[in-house]
Amino acid sequence: MKKNTKEILDRLDREYGSEYVCYLHHENALQLLIATMLSAQCTDARVNIVTPDLFQKYKTAEDFANADRKELEQAIRSTGFYHNKAKNIIACCKQLVEKYNGEVPNSLEALTNLAGVGRKTANVVRGNIYHEPSVVVDTHVKRISRKLGLTKNEDPVKIEFDLMKELPKDHWIIYNIHIIRLGRTICKAPTPRCEECFLQECCKDYQARNKKKEKMK
């Protein structure tokens, strides 16, 4: 592990601790799978408003598989892209019922073969439910990892593999939790509060901008 990467992780650990927090409310693997599918192009806070009633009505994969599509669309409407999300949730849960007896599998291959489930959603479930070391690349992780110089890539899958090489396995899940918190409080888009950031000295983007300012003086 590079010296700068170690310093970044040490500072994140000191600032935020080592507690695993999942920002999407859930009680089991199916609920987290559905909540993560709903979180695409939507805030976790909005998903958490929708899911209590949703999970009261649809308790099992079979319930979702047999859902009336129009009714499901109305239930998830406020999360955006609800036509597509409803279609994928029903198709995904049909696969769960047919292939996995209604249970959510734990392998990356099995999860990503489900309708509407990409690597990000699969890794959220693997990391939080099955405690498999997984790197989750959401918008915060993509943006801030580039700023910190941990990756130069734009593609989430390439970023995932860069971070798997760059970070020790015991930080794969916690890194995502820390970076989400940082992205929501300090390193906000589009106006990061760099002067308040405890990662200033480690941030390649901040250092580069400071050098530019010095040259312009």
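Modeller: A cavity is a set of points on a 1 Å grid over the protein atoms alone where a 1.4 Å probe fits but cannot get out, whereas a pocket is an open set with protein on both sides within 12 Å along at least five of seven lines; lining residues have an atom within 4 Å of a point. This is a predicted model, where local features need pLDDT of at least 70 and side-chain atom pairs count only at pLDDT 80 or more, while totals for chains, interfaces and linings use all residues. Residues are numbered from 1 along each chain as its sequence is written, and side-chain values use heavy atoms, with hydrogens and water left out.

Colleague: OK, how many cavities of 30 Å³ or more does the search find, and how much space lies in the largest?

Modeller: The whole structure gives 1 cavity at that cut-off, and the largest cavity holds about 120 Å³. That volume is the space filled by probe spheres set on the points, with points joined across faces, edges and corners.

Colleague: What makes up the lining of that cavity?

Modeller: There are 16 lining residues, with Lys147, Cys187, Cys194, Cys197 and Cys203 closest to the centre. H9 and helix H12 (204-216) are the elements giving two or more residues. A helix here is a DSSP run of H or I with at least four residues (a strand is E, at least two), numbered from the N terminus. By class, the cavity lining has 11 nonpolar, 1 polar and 4 charged residues. Cys counts as nonpolar along with Ala, Val, Leu, Ile, Met, Phe, Trp, Tyr and Pro; Asp, Glu, Lys and Arg are charged, and the others, Gly among them, are polar.

Colleague: And the largest pocket: how much space is in there, and which residues sit closest to its centre?

Modeller: About 1,000 Å³. Its lining has 45 residues, and Thr36, Ser39, Ala40, Lys120 and Asp138 are the closest to the centre. H8 gives the most, 7 residues, and the other helices with at least two include helix H2 (29-38), helix H3 (44-57) and helix H6 (82-100). The lining is 21 nonpolar, 16 polar and 8 charged.

Colleague: What lines the second largest pocket?

Modeller: That pocket holds about 210 Å³. It has 13 lining residues, and Leu30, Thr60, Ala61, Gly102 and Glu103 lie nearest its centre. H2 and helix H4 (61-65) each supply at least two.

Colleague: Now the packing. How do the axes of H9 and H11 cross, and why is that called what it is called?

Modeller: The axes of H9 (residues 139-148) and H11 (residues 172-185) come within 9 Å and cross at roughly 85 degrees. Axes are lines fitted to C-alpha atoms, for helices over the stretch in contact, and angles run from 0 to 180 degrees between N-to-C directions. The naming goes: under 35 degrees roughly parallel, over 145 roughly antiparallel, 65 to 115 roughly perpendicular, the rest oblique. So H9 is roughly perpendicular to H11. The contact comprises 7 nonpolar, 4 polar and 2 charged residues.

Colleague: What makes H3 and H5 a pair with its own label?

Modeller: Their axes come within 9 Å and cross at roughly 150 degrees, with H5 spanning residues 69-76. That makes H3 roughly antiparallel to H5. Val50, Leu54 and Lys57 of H3 meet Glu71, Leu72, Ala75 and Ile76 of H5, which split into 5 nonpolar, no polar and 2 charged.

Colleague: How do you know that glutamate 166 and lysine 2 meet in a salt bridge?

Modeller: The N to O distance is 3.7 Å, and a salt bridge is a side-chain nitrogen of Lys or Arg within 4 Å of a carboxyl oxygen of Asp or Glu, so the pair qualifies. Glutamate 166 lies in helix H10 (residues 156-166) and lysine 2 in the segment before helix H1 (3-16), so the bridge ties together parts 164 residues apart in sequence. The structure holds 13 salt bridges.

Colleague: What stands out in the backbone at proline 190 and phenylalanine 81?

Modeller: A cis peptide bond joins alanine 189 and proline 190, with omega about 0 degrees; proline 190 is in the loop between H11 and H12. Phenylalanine 81 has a positive phi of about 50 degrees although it is not a glycine, and phenylalanine 81 is in the loop between H5 and H6.

How values were computed:
Contact = heavy atoms within 4.5 Å.
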